[in-house]
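Subject: Structure handover

Hi,

Here is the structure I promised to pass on. Please open it before you read further.

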Amino acid sequence: MSQTHPTHPDLRAIRFLPGFSWGPRLTGLLRHVRPRPADLGPEVTATELHLPGAGGNPDVAVRLLRPALADGPVPVLLWVHGGGLVSGTPEQDDRANAAFVRSLGIAVAAVRYRLAPDATAPAAAEDVHSALVALRQRAARLGLDPDRIAIGGASAGGGLAAAATMLAVDRQGPVPVFQLLVYPMLDDRTVTRTDVDTSGVHVWTPGSNRFGWTSYLGVEPGSPGVSEYAAPGRRTDLHGLPPAWVGVGSNDLFHDEDVAYAERLRAAGVACELEVVPGAFHGFDALFPKAGVSRAFWLAQARSLKVALTETH
């Protein structure tokens with residue numbers, strides 16, 4: 001991202017939001033403010049599941065949203081919330097996830113993973129992988145289709161979804177059929193760049209990025225020896241990964257790493273749709289969910305999930 005674009009017309013209200021960076025104090029405050037679950041309406045049911053950890057990892061909880069009147073096993077999206085690796089809960093994405101349930105007839109299982117710095121890399125990715133394995137094993141009793149499990153996430157959640165997918169492929173266990181990566185946080189080495197124009201960057205700043213990655217890695221971002229399961233953008237061989245959709249704004253701090261990852265997936269023979277939203281910054285759709293550009297961004301995600309989960313099986 002050598003130069004940012006003018007802010008998208010639908011998002012100009014961002015100028016009224018004061019600038020800030022994430023750090024220990026803000027993260028601590030946010031951890032004490034748990035979002036209230038959204039009113040899901042009569043069409044969607046919510047259940048908290050406690051699933052066993054895989055490979056000696058701790059048990060993991062997921063918030064499962066299902067169509068209330070589903071007939072037979074339904075496809076499922078294993079969803080990973082954002083929060084810079086240091087905060088967040090599944091409930092923060094209830095509205096968007098419930099919209100996937102209602103519009104596509106799928107289930108969404110949102111992972112409640114361990115947060116940094118209390119748990120460092122690759123703990124969160126291991127939690128997501130544990131949820132994937134356990135959902136596949138229990139699909140029949142949960143009314144889920146074991147052969148139609150996609151994985152996705154936003155921001156830090158997108159990076160964790162990518163990392164958990166790599167774990168699944170490398171361990172030759174159940175592999176998601178599709179990856180939905182929404183402005184994913186993939187590469188710690190972005191912290192070390194000095195050539196990025198941040199004049200149009202909002203919400204997730206370079207200072208926030210340094211704090212998030214340092215908290216999760218336990219070492220300085222950009223250090224040698226960081227695992228690809230911690231920072232999936234570092235993986236050199238992307239062959240054999242499932243198809244993906246990658247979406248990011250042109251003014252997102254993650255723009256360059258996300259575009260590079262999508263291009264590298266394609267070069268490795270992995271089908272990947274890339275959607276770049278001009279003038280959009282990080283988390284624009286969460287801040288302004290009713291804006292036209294945000295609705296279009298969500299619809300693009302829904303279309304990709306529909307093809308992956310309901311039209312190709």
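My notes on the sheet, the helices and the aromatic pairs follow.

This is a predicted model: local features need pLDDT of at least 70, side-chain atom pairs count only at pLDDT 80 or more, and totals for chains, interfaces and linings use all residues. Numbering starts from 1 along each chain as its sequence is written, and side-chain values use heavy atoms, without hydrogens or water.

Eight strands form an open sheet in the order 1-2-4-3-5-6-7-8, with mixed pairing. Strands are DSSP runs of E, at least two residues; helices are runs of H or I, at least four; both are numbered from the N terminus. Two strands pair if DSSP finds at least two bridges between them. Strand 1 and strand 8 (272–277) are the edges, each pairing on one side only. From one strand to the next, the twist averages 20°. Strand 7 (residues 244–249) and strand 8 run parallel, joined by six bridges. Ala244 has Cys272 of strand 8 as its bridge partner.

Now the helices. Helix 3 (residues 123–137) lies across strands 1, 2, 3, 4 and 5, at about 160° to strand 5 (144–154). Helix 5 (residues 156–170) lies across strand 3, strand 5 and strand 6, at about 135° to strand 5. Axes are lines fitted to C-alpha atoms, for helices over the stretch in contact; angles run from 0 to 180 degrees between N-to-C directions. Contact means heavy atoms within 4.5 Å.

Helix 2 (residues 94–104) has buried residues, including Phe100, Val101 and Leu104. Buried means under 20% relative accessible area, exposed over 50%, partly exposed in between (1.4 Å probe, protein chains only). Their cover includes strand 1 (44–51), strand 4 (107–112) and helix 9 (292–311). Just after helix 2, Gly105 takes a positive phi of about 70°.

Last, the rings. The whole structure holds five aromatic pairs. Rings of Phe, Tyr and Trp (its six-membered ring) pair with centres within 6.5 Å; planes under 30 degrees apart count as stacked, over 60 as edge-to-face, the rest as tilted. Tyr183 and Phe297 are stacked, because their planes are at 5°, with centres 6.2 Å apart. Tyr183 sits in the loop between strand 6 and helix 6 (206–217) and Phe297 in helix 9, so the pair ties together parts 114 residues apart in sequence. Tyr183 is buried at 5% relative accessible area; Phe297 is buried at 1%. Phe281 and Phe288 pair edge-to-face, 6.4 Å centre to centre and 80° between planes. Ring pairs also link Tyr183, Trp245, Phe284 and Phe297 into a cluster.

Best wishes
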